[in-house]
Amino acid sequence: QTCKEGDKCSEGGGGKLLIKGGIVVNEDVEMISDILIDNGHIQLIATEIAADSETRVVDARGKYVMPGGIDPHTHLEMPFMGEVACDTFATGHQAALAGGTTMHIDFALPVDGSLVKGWEEWRKKAAKANMDYGFHMAVTAWNDKVAEEMEYLAKNKGVNSYKFFMAYKGALMVTDEQLVEGFRHCKKIGALAQVHAENGDAVAAGQKYIAEELQILGPEGHALSRPAILEVEATERAINLAAWVNTPLYVVHVMSKGAMEAVARARQAGYRIIGEPTAAGLTLDESKMWDPDFKTAAAHVMSPPIRKHDVDGIALQNALKNRVLSLVATDHAVFNSTQKAKGKHDFRVLPNGVNGLEERIPVLWTTMVNTGKITPMDFVRITSTEAARIFNVYPQKGVIREGSDADLYVLDPTVEYTISPQTHHSALDTNVFEGIKCRGKVVTTISRGDIVWDNNQLFTKDGRGQYIETKPFSPYLFGGLEQEEALKRAEMNAPVKRNLDKIYA
Ligand SMILES: NC(=O)NCCC(=O)O
Ligand SMILES: [Zn+2]
Ligand SMILES: [Zn+2]
C-alpha cells in the first residue's frame, strides 16, 4: 500500500517521533538509547526521553536501530541493451525502503552525447522519487564538451563521481587514452573516478569464440565469455593508470577474488583505491547461469558475472571484513523475464543486470552478522557510513547523530522470512535471492522523519524524495593529495638536481 496523491498518509508523514529503547548502532559505537525526531531531523539522542502527547512512539526494545542504508550503485529506468530497466524511481524506491535503504546514487547516462542533458533526463525520471537520491554520471566519450560538462555538473549540480566503462564494446566502452584523460580531469575538478573493470576487447573476442566456435548460446555462455582473468586485467590496468595520474579510484562491482587482490595490493601500496562488492557477488554462485530453466539462468546474468561462491564470494566477504573492500552496493539493474527473453537464443543480447535494492540489508545481515563475520557496527559502516563519507554527504547521512537527517530503520533480529518475488516490492517478476532464508527483518523504515515502511506496509508517495547534491573534493578522498603531489614533484626534479650538482661541483 502506498499513499496516492491527495491521501493523508496518516500512518507516516511528519510530526514528532520517538524511537524508544532500541540498540542504536553507529559505525563506532552501539548503545541502548531513545531517539527524538522532529522536522525530518534527529533532534535528541539520550538514555531516556519522555514523549509528549503529540509524539508518536516506536517501540524498538530488543531491536537494532541503524542509519538508513545508502546504496552507492543502482540503475533505475536505465536504457540498456535495447531495453529499459523495469524498476522506476517509484518502484525501485519502494523496494529499497522496504529493505531499510533510504538513499541511493544512480548512474545517469549522457543523452545525445551531452552529460548535462543526461543529468536533466535523470532528474525528470526521479520526479517520482520516494526517497532521497544522488547521481553519478557515466562518461562514454572524450572531448572538450564532455570535460566542460563534467566541471559544470561537479560545481553546480552536485555530481562528484564519474564512471568509465572498460567493457560494453561499441556501446559504453572507452579507450585507455580516454580513461587517462578522464582520470586527469576528475582529479582537477575534485571528482571521484569510477570504473567498470573488464577488458571489453577481450570480452568481445571471447563472446565470438564461445558463440560462434563453441556454439554455446545459452546464459552460461555469458559466464564463459567473461572469465575472472579479464576482470583482473582491467582492474589492474585501471588501478595503474589512476596511480600514475595520482587520483582516487573507485572500482565498482568487484566480483572476483583476483580483482579484490588487485585492490588489496594497491591499497597496501598506499594508493587511494576503493573496492565495492555487490550483494549478489558476495552471496550467490555462478552455477545458477547453468540452471536448465532459462528464466532462472537469465535472471542471474550480470556483468562482470557472479563467480564461484566458495572461491570468490567467500574471499570478497573476508576482504570486506578486513577493510580491503570498503562498502557494499547492489548494482540494481533489473530486466523482467520478458525483457531477458530477448537473449533466449543468444546470451550476447540478453540484458545484463540483477536485483538487490530490497535484499542488500537483510541478506548481508543474515550472511555476515549472524555468522559472526562482522559486527553490527561494521555492518553500518559497509551499508551506509562509508558511502556517505566517500560521496561527501556525511554527516547529513550515514550516521545517527543529532542534526543529521532522520533516515534510519529498525531491524528485528529474531524475525525469519524467505525472500520471494511474490512478496518483494520491486516491479521485477524474478528475484536472484529467491529462497534465501533471512533472520533479521527491517520492520520499520524512517525517511526524513516519516515512517515510510512499518508492519509490512509502505506509507510513501511519489515525489517525496529529494535530490542530494554530492559536493566535489570530498575530504575523505582528496585530503592530503596536494601535499602528496608537492612531494612527488620534488622527487621528479631530484635526479635532474643531482646531476646538475655533480656537473657544477
Ligand atoms: N552490471 C550489469 O550487468 N548491468 C548494469 C550495468 C553495469 O553496471 O555494468
Ligand atoms: Zn558495470
Ligand atoms: Zn552498474
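Start by selecting Lys163: leaving out residues up to four places away in sequence, Lys163 touches Phe107, His136, Ala138, Val139, Gln194, Val195, His196 and Val252. Two residues touch here if their C-beta atoms, placed from the backbone, lie within 7 Å.

Before moving on, know that this is a predicted model: local features need pLDDT of at least 70 and side-chain atom pairs count only at pLDDT 80 or more, while totals for chains, interfaces and linings use all residues. Residues are numbered from 1 along each chain as its sequence is written, and chains are lettered from A and ligands numbered from 1 in the order in which they are written.

Stay with Lys163, which sits in strand β11 (residues 161-165); strands (E, at least two residues) and helices (H or I, at least four) are DSSP runs numbered from the N terminus. Lys163 counts as buried because it has 22 C-beta neighbours inside 10 Å. The scale is 20 or more other C-beta atoms within 10 Å for buried, 12 or fewer for exposed, and partly exposed in between, with C-beta atoms placed from the backbone. An unreviewed UniProt entry marks Lys163 as "modified residue: N6-carboxylysine"; such annotations may be inferred rather than shown by experiment.

Next, pick ligand 1. Around ligand 1 (C-beta atom, placed from the backbone, within 6 Å) you will find His75, His196, Met302, Ser303, Asp331, Ala333, Asn352 and Gly353.

Two of these residues deserve a click. The peptide bond from Ser303 to Pro304 is cis, with omega near -15 degrees, and Pro304 lies in the loop between α10 (294-299) and α11 (309-321). Asp331, in the loop between α11 and α12 (337-340), has a positive phi near 55 degrees. Asp331 is buried, with 29 other C-beta atoms within 10 Å. For background, most residues other than glycine have a negative phi, and most peptide bonds are trans.

Now select Ala238. Apart from neighbours within four places in sequence, Ala238 is in contact with Met166, Leu179, Val195, Ala197, Leu249 and Val251.

Jump to Tyr394 and Pro395, which are joined by another cis peptide bond, with omega about 5 degrees. Pro395 is in the loop between α14 (376-390) and β15 (408-418).

Finish at Asn456, in the loop between β17 (450-454) and β18 (457-458). Is Asn456 buried or exposed? Asn456 is exposed, as 11 other C-beta atoms lie within 10 Å. Its phi is positive, about 65 degrees, although Asn456 is not a glycine.
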